[in-house]
Amino acid sequence: MNSNNPERTYFLIKKSKVQSLLNNLYNEYKLFVPVEEEEVVDFRRYEVDGNFTLEFTNTLLPPKGLFLPQQETLFTFNYERDISIEEKIEVSRRIIVGIRPCDSKSLTILDEVFKDVNEDVYYLQKRNNTLLIGLGCTNPQIYCFCSSLEIDPGKDISVDIFLTDLEDSYLVSVNTERGQLLIKDFPEYFEKAGEDEITRALEIQSPAREGFSVGFDKKDTEVFMDVEKIFEHPVWEELAETCLGCGICTYLCSTCHCFDITDELTKNEGRRFRCWDSCQFFSFTNMASGHNPRPDRKERIRQRFMHKLSYFVSRYGCIACVGCGRCLKYCPVDIDITRVIGTITNE
Amino acid sequence: MKNQSYVELTNILKQKIDRLLSEKIVDYMIVYEKGSLWFKTRPKMIRKQTDMEKVIWNRYCQFNLSTFLKSLSGKDENIGIIAKKCDLGSIVELIKNNQIKKENLYILQVACDGVINWQKLENLLGTKVAKAIEVEEDSPNLVIKMPERNIEVLKNDCLPDKCLICDFQPSPYANDFLTIVDEKIEDIKEIKSQPLPNLEPLDNMSYEERLGYWLKHFSRCMRCYACRNVCPVCYCSTCMFDGQEGLWISKESKTSDNYVYHLTRAFHVATLCVECGECQRVCPVNIPLMKLNSKLAKEISDTFGYQAGLLIDDLSPFKTYCQEDPDEFK
């Protein structure tokens, strides 16, 4: 989405100045920041002097919801005499602060889907209007496995601006022209970073790449390209025995993007909305005729893994997983994608 | 229970299950196996004796396995299941409500003196439990071994509410009760009688405050339906919220629709809910669902003197007629 500027520049911002910067940005942008509420951190709209935290592991919900909201009215219509249609497209300029490298990668994966053949204006408009300020991980969670997917938790050039925590300040790496312009607009907050700080940031970034507890060798996922070979693998039956068929893994996944579209009608007007749906639900593939091509948990759970590791790769050339670890952390029955890959490969 | 006791219990468990499978007393056994991370376990169905190595029993076996008994009607298999005292309650409800036949079931109750609630432990430690290496019991404390140091916390502070009122005694409905002779095991027979802080804050709230409280929580719900699917007594073969013909609530997860979903579910499982707490435990957005379920259970207990999960022959007040039932509509 971003026009990358080959020349990366580095600045410093003191942690104590971040709130004041956010207050200033608030005047021109819709801001989304990580906020902790009921022991859950999520991206929420920032209000002047509002709460936010940049000391968090990761948000419960991935940022996909800021581009593909759980529910979104696409247009409203009125057919009293003539039919009139009003499209609902988000046009405001927005900034997301504190997006982790795995999650920013998930957005580039989603872009493939929403710009494919038919451009999805609802999603793309929001992507184009949104500036991303990334935040490096210094301490991955025990559930994380982004390194298995060749994502660098300490460095991210796909965001406009990337922050590395240097204890009392952040090293600000500016990746894009949009990022440059933002820094230029608020010169009072940023000072030029010296070689020392850049080196220190590199030192902080490198240990982040180690210490993963789970994961896989990316080469091991190649077996998934042989669909015929693994379509009837016994692992699907085994997973289906304990899978509860809830939507946690798909809703919390940063790359799962399936949705349903519904019209809601009253007398002379109505609206069309879309909302998240999950391949783990029976109703997802249930046809009007009553036939369901994925009638049981086995077919449904296989679909989720095959979509991520096989079908998506065939179509877009990349795995639809970023190793954020949310599914692993929250699955009530501990279904673990890294173990599924291991089970199939080790045969 | 010491880690060593869990190891010994696991060994006895394996022997018992081996016998159950080899003598064809059960077709398969619902057990726990080790999870991906050391402090997790996962449910597992064992059909072959060669899978026996996977069986495990430890203080992380929180999951109520009886939820896997609810969708079996029509299948004529003999099933063995590992159950904690608390899980026996929902098994009783499933038998009582004709979801499974007692004669098809072999219940292997295992000695338990409480499972660990990670959230409570994390709140106590102020740090991610994932950072710990191991947990050992030094009654009445738990010793959390961290990379740099050990932290001791009172075990009772880390237990789910249900463990605080559990007597951990053998259930009359268990086919077998598995325990080891150990002084520490004797301790678990001591009945704890801590008052549950669960309801008090809400009962003291005004109607408006309570409404606000629930609206705030339900606004976070994303309708993943994990609470419903994990619930052992949510056994309808087609849920009214999954219906294809006409929707009772919108597919959008708006607060008002979420409200209808959660209240309907709470009323549907009232008289069935044994307060196992699984719905609240699996909720990714931390909705305190047990406050709702416990409140209804208390109302039913106060009104009808009925408690779910105790006796198979004790029918639900919603399914029986009794002249002495209070009639408040007069």
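In what order do the four strands of the open sheet in chain A lie? They run β5-β4-β12-β11, and their pairing is antiparallel. The model is a predicted one, in which local features need pLDDT of at least 70 and side-chain atom pairs count only at pLDDT 80 or more, whereas totals for chains, interfaces and linings use all residues. Residues are numbered from 1 along each chain as its sequence is written, while chains are lettered from A and ligands numbered from 1 in the order in which they are written. Helices (H or I, at least four residues) and strands (E, at least two) are DSSP runs, numbered from the N terminus, and two strands pair if DSSP finds at least two bridges between them.

- β11(A) pairs in the antiparallel sense with strand β12 (residues 269–276) of chain A over seven bridges, and A:Glu264 stands opposite A:Arg271 in β12(A).

- Chain A is assigned domain 1 (4–208) and domain 2 (218–345), with bounds that come from an automatic or database domain assignment.
- The centres of domain 1 and domain 2 of chain A, taken over C-alpha atoms, are separated by 26 Å.
- Their contact takes 33 residues from domain 1 of chain A and 28 residues from domain 2 of chain A, where two residues are in contact if their C-beta atoms, placed from the backbone, lie within 7 Å.
- On the side of domain 1 of chain A that touches domain 2 of chain A, β4 (71–78) and α2 (101–114) of chain A each supply at least two residues.
- The residues of that side divide into 17 nonpolar, nine polar and seven charged, counting Ala, Val, Leu, Ile, Met, Phe, Trp, Tyr, Cys and Pro as nonpolar, Asp, Glu, Lys and Arg as charged, and the others, Gly among them, as polar.

**Contact between chains A and B**

- In the contact between the two chains, 33 residues of chain A meet 24 residues of chain B.
- On the side of chain A that touches chain B, at least two residues each are supplied by α7 (234–242), α8 (248–252), β11, β12 and α10 (326–330) of chain A.
- The largest share of this side, three residues, comes from α8(A).
- By class, the side of chain A that touches chain B has 16 nonpolar, 10 polar and seven charged residues.

**Domains and sheet of chain B**

- Chain B is divided into domain 1 (3–113 + 166–187), domain 2 (118–158) and domain 3 (200–304).
- Taken over C-alpha atoms, the centres of domain 1 and domain 2 of chain B are separated by 26 Å.
- Five strands of chain B form an open sheet in the order β2-β1-β3-β4-β8, with mixed pairing, and its edge strands are β2 (41–46) and β8 (176–178) of chain B, each pairing on one side only.
- Neighbouring strands of this sheet are turned by 30° against each other on average, direction ignored.
- Strand β4 (residues 105–110) of chain B pairs with β8(B) in the parallel sense over three bridges, and the bridge partner of B:Gln109 in β8(B) is B:Phe177.

**Helix packing in chain B**

- Helix α9 (residues 255–269) and helix α11 (residues 289–304) of chain B pack at an angle of about 40°, with their axes 10 Å apart.
- That angle makes α9(B) oblique to α11(B) (angles under 35 degrees count as roughly parallel, over 145 as roughly antiparallel, 65 to 115 as roughly perpendicular and the rest as oblique).
- The contact is made by B:His262, B:Ala266 and B:Val269 of α9(B) together with B:Leu292, B:Asn293 and B:Leu296 of α11(B), and by class it has four nonpolar, two polar and no charged residues.
- Helix α7 (residues 207–219) of chain B and α9(B) pack at an angle of about 105°, with their axes 9 Å apart, which makes α7(B) roughly perpendicular to α9(B).
- Here the contact is made by B:Leu215, B:Phe218 and B:Ser219 of α7(B) and by B:Thr255, B:Asn258, B:Tyr259 and B:His262 of α9(B).

Conventions: Axes fitted to C-alpha atoms, helices over the stretch in contact; angles between N-to-C directions.
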